[in-house]
Structures are given as structure tokens and as C-alpha cells.
Amino acid sequence: VAVVLVGWVWTTYNGLVQARAALDATWAQVETQYQRRFDLIPNLQATVQGAADFEQETFTAVTQARSQWQGAGSREEKIAAINGFDSALSRLLVTVEAYPTLQATQAFRDFQTQIEGTENRIAVARRDYNEGVRGYNVYVRIFPRNILANLFGYEPAAFFASDEDAAQAPQVQF
């Protein structure tokens with residue numbers, strides 16, 4: 001009985017470690033895609049600013065949101081920073097629509113294409129992360145595995161959810 005119990009604890013603990021590592025890997029993909037987006041934004045801002053008499057408040061919001069991402073430590077802080085950045089980026093892209101000459105420049109179209117591709121990658125990474133969270137949470141909550149998960153500090157993870165304001169289109173006025 002003791003050998004079976006030790007074997008069960010051993011394999012269950014190793015399974016918890018593997019499940020956490022898989023979840024961390026999916027989160028790393030989310031971070032990678034957001035970092036790609038954050039790296040593209042200064043170039044997009046420079047292109048937009050060079051071609052339009054642009055609203056400084058929008059640039060400030062985008063820059064502040066980018067700084068919050070870089071200064072965030074935990075996943076929860078990063079998710080909050082991302083939600084703020086999503087809002088600022090939406091305002092930037094809506095404002096761009098008011099400048100037809102900007103949309104005609106090749107540099108802007110190139111950056112817009114890169115951002116669209118990055119947004120698609122982000123959506124896939126977020127979906128994969130949430131699938132990983134679902135699988136991990138099921139794994140750590142199933143009885144009797146949940147006993148060891150609680151004993152070793154394996155808590156359920158939080159899903160990546162959009163900010164409540166994301167459902168509303170940003171308003172830009174000139």
C-alpha cells in the first residue's frame with residue numbers, strides 16, 4: 001500500500017509540474033505576440049505622426065500603456081496593461097481613418113498589415129492560453145489529484161478575459 005501511495009504521489013506531482021510548465025509555455029506565447037505588437041507600435045506612431053497633424057493625447061495613451069506592460073510583473077498586471085493598451089491602440093487606429101493621405105502611404109499600409117497579422121497571432125495565442133488554463137484547471141481540480149495540488153500550492157489559473165470596455169468602439173473627436 002505504501003509503495004502504491006508513494007507511486008501515486010510521485011506521478012501526480014510530476015503531472016502537476018508538467019501541467020504548470022505547459023501553461024507557462026502557452027503564456028510565453030501570449031507575451032511573445034504582445035511584445036511583437038509593442039515593438040511595432042513606435043514605428044507605426046512615427047509613420048502616423050509624420051503624415052498627420054496627430055492628436056497628442058492618443059500618442060500619450062499608447063506610450064503609457066506600452067510602459068505599463070513593460071513594468072508589469074505578474075500575469076494579472078500584464079493582462080490589465082494589455083487591456084489598457086488595446087483601448088489606446090483602438091483609438092489610434094480609429095483616428096487614422098480620418099487621414100486618407102496617411103492610409104495611402106506605403107509605409108503605413110505595411111505597418112497596418114504587420115499589426116493585423118500580429119493581432120491574429122495574439123488572438124490565436126490568447127485562445128491557446130485559455131485552452132491551456134482550462135486543461136490545467138481541470139487537472140488540478142479533479143479528485144483526488146486536487147488534494148495534492150492544494151498541498152503543493154498548485155492553484156487554478158485565471159483565464160485571459162477582455163476588458164469590459166473592449167466591446168465598445170472608441171470615440172475620437174477632432
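Predicted model: local features only at pLDDT ≥ 70, side-chain atom pairs only at ≥ 80, totals over all residues.
Rings of Phe, Tyr and Trp (for Trp, the six-membered ring) are taken to pair if their centres lie within 6.5 Å; planes under 30 degrees apart count as stacked, over 60 as edge-to-face and the rest as tilted. Residues are numbered from 1 along each chain as its sequence is written, and side-chain values use heavy atoms, with hydrogens and water left out.

Under the ring criterion, the count comes to three aromatic pairs. One of them joins Y13 and F152 in an edge-to-face arrangement, at 4.8 Å centre to centre and with 65 degrees between the planes. Y13 belongs to helix α1 and F152 to the segment after α6, so this pair ties together parts that are 139 residues apart in sequence; helices (H or I, at least four residues) and strands (E, at least two) are DSSP runs, numbered from the N terminus. Y13, at 31% relative accessibility, is partly exposed, and F152 is also partly exposed, with a relative accessible area of 39%. The classes are buried (under 20% relative accessible area), exposed (over 50%) and partly exposed (in between), for a 1.4 Å probe and protein chains only. Y13 also forms an edge-to-face pair with Y154, at 6.2 Å centre to centre and 80 degrees between the planes. Because Y13 lies in helix α1 and Y154 in the segment after α6, this second pair connects parts that are 141 residues apart in sequence. Y154 counts as buried, at 11% relative accessibility.

A charge is placed over a ring if NZ of Lys or CZ of Arg is within 6 Å of the ring centre and within 35 degrees of the ring normal. R145 meets this criterion, lying over the face of Y139 at 3.8 Å from the ring centre.

Side chains of opposite charge can pair when their charged atoms come close. With a salt bridge defined as a side-chain nitrogen of Lys or Arg within 4 Å of a carboxyl oxygen of Asp or Glu, the count comes to four. Among them is the bridge between D24 and R75, whose closest N and O atoms are 2.4 Å apart. D24 lies in helix α1 (residues 2–51) and R75 in helix α3 (residues 75–96), so the pair ties together parts that are 51 residues apart in sequence. D24 is partly exposed, at 33% relative accessibility. E31 forms a salt bridge with K78, with the closest N and O atoms 2.7 Å apart. This pair likewise links distant parts of the chain, E31 being in helix α1 and K78 in helix α3, 47 residues apart. E31 counts as partly exposed at 21% relative accessibility, whereas K78 counts as buried at 15%. Within helix α5 (residues 106–141), R134 and E131 are three residues apart and are separated by about one helical turn. The closest N and O atoms of their salt bridge are 3.3 Å apart. R134 is partly exposed, with a relative accessible area of 43%, and E131 is partly exposed at 43% relative accessibility.

In soluble globular proteins, nonpolar side chains tend to be buried together. A nonpolar core is here a set of buried Ala, Val, Leu, Ile, Met, Phe, Trp, Tyr and Cys residues joined through side-chain atoms within 4.5 Å. The largest such core has 33 residues, and those with the most contacts inside it are V30, Y34, I41, F85, Y129, Y136 and F160. Two or more residues each come from α1, α2 (56–71), α3, α5 and α6 (145–151). The greatest contribution is that of α1, with 10 residues. With contact meaning heavy atoms within 4.5 Å, Y34 touches W69, I82, D86, I122, R126 and F160, not counting residues up to four places away in sequence.

For the protein chain overall, the secondary structure comes to six helices and zero strands. Buried residues make up 34% of its 174 residues. Among contacts between residues at least 6 apart in sequence, 78% join residues at least 24 apart.
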